[in-house]
Amino acid sequence: MESMTGQLLVATPALKDPNFDRTVVLLVAHEPGGALGVVLNRATEVPVAEVLGNWGAMARDPAVLFEGGPVQPESAICLARTHPGVRRARGFHRVSGSIGTVDLSVDPESLQSSLAGIRVFAGYSGWSAGQLEEEITSGSWFVFDALPGDAFVERPDDLWPMVLRRQGGIMAAVAHFPPDVALN
């Protein structure tokens, strides 16, 4: 099995689970035992600073918590993007390229010179061994390469059609698929 860590899962119109309708998930781990990711396009209205104090200053617009998925919504996963040239940073665990997760128990001030920004997710999306592969095979998810800015777009609601449009061809057409085909 080839790891899909760092790739995007884009919900197909066939995926009817309300937890994942029109979502874009960044896989932060994909191993033989399962997969873990965060939904990139479900912003809440709760400011990061309200929940995590000093971390709020490093949050990129919109500087709010995101719904990372239905698993353990009381937990938090923090994605970060390093500044160019940063190889290592205390508490930073690289996922792909300049993107990684950050240990929120680390003092945020000690990371300010290393990180270009963060995004905090309440909960996560998880799959047991083989479950994600079955969902992909059944047509629930498209798998695409992520761009460094995907996790930090300023308008997260636009991410689903944006990722599909940049694929070109028939995938670009899927970006215009109506939410309810019965109303078409």
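The model is predicted, so local features need pLDDT of at least 70 and side-chain atom pairs count only at pLDDT 80 or more, while totals for chains, interfaces and linings use all residues. Residues are numbered from 1 along each chain as its sequence is written, and side-chain values use heavy atoms, with hydrogens and water left out.

Starting with the overall picture, the protein chain holds four helices and ten strands; here helices (H or I, at least four residues) and strands (E, at least two) are DSSP runs, numbered from the N terminus. Going along the sequence, the order is β-β-β-β-α-β-β-β-β-β-α-β-α-α. The C-alpha trace spans about 50 × 35 × 30 Å along its principal axes. Its radius of gyration is 16 Å, which agrees with the value near 16 Å for a compact globule of 184 residues. That radius is taken over C-alpha atoms, and the globule rule is 2.2 Å times the number of residues to the power 0.38.

Of the 184 residues, 43% are buried, where buried means under 20% relative accessible area, exposed means over 50%, and partly exposed is anything in between (1.4 Å probe, protein chains only). The accessible surface of the protein chain comes to about 9400 Å², and carbon and sulfur atoms account for 51% of that. These areas come from the Shrake-Rupley method with a 1.4 Å probe; for residues, only the protein chains shown count as cover. As for contacts (heavy atoms within 4.5 Å), 64% of those between residues at least 6 apart in sequence join residues at least 24 apart. On the charge side, there are 13 positive and 21 negative side chains, with the centres of the two sets 8 Å apart. Lys and Arg count as positive and Asp and Glu as negative, leaving out His and the chain ends; each charge is placed at NZ of Lys, CZ of Arg, CG of Asp or CD of Glu.

The backbone has a few spots to check by eye. Asp61 and Pro62 are joined by a cis peptide bond, with omega at about -5 degrees. Pro62 sits in the loop between helix 1 (48-52) and strand 5 (64-67). Then there is Arg22, which is not a glycine but has a positive phi of about 55 degrees. Arg22 belongs to the loop between strand 1 (7-11) and strand 2 (24-31), and its relative accessibility of 22% makes it partly exposed. Gln72, again a residue other than glycine, has a positive phi near 45 degrees. Gln72 lies within a strand, namely strand 6 (residues 71-82), and is partly exposed at a relative accessible area of 40%.

Gly126, in strand 9 (residues 115-128), is 99 residues from Leu27 in sequence, yet their C-alpha atoms are 9.4 Å apart. Setting aside neighbours within four places in sequence, Gly126 contacts Ala35, Val71 and Gln131. Gly126 is partly exposed, at 33% relative accessibility. Leu159, by contrast, counts as buried because its relative accessibility is 0%. This leucine is part of helix 3, and its C-alpha lies 8.3 Å from that of Thr23, a residue 136 places away in sequence. Beyond residues up to four places away, Leu159 touches Val24, Leu40, Asn41, Asp150 and Val153.

Side chains of opposite charge can pair when their charged atoms come close. Taking a salt bridge as a side-chain nitrogen of Lys or Arg within 4 Å of a carboxyl oxygen of Asp or Glu, the count is two. One of them pairs Asp150 with Arg166, at 2.6 Å from N to O. This pair links distant parts of the chain, 16 residues apart: Asp150 is in the loop between strand 10 (141-145) and helix 3 (159-165), and Arg166 is in the loop between helix 3 and helix 4 (169-174). Asp150 is buried, with a relative accessible area of 3%, whereas Arg166 is partly exposed at 32%. The side chains of Arg155 and Asp158 also form a salt bridge, with an N to O distance of 2.6 Å. Here Arg155 is exposed, at 59% relative accessible area, and Asp158 is partly exposed at 29%.
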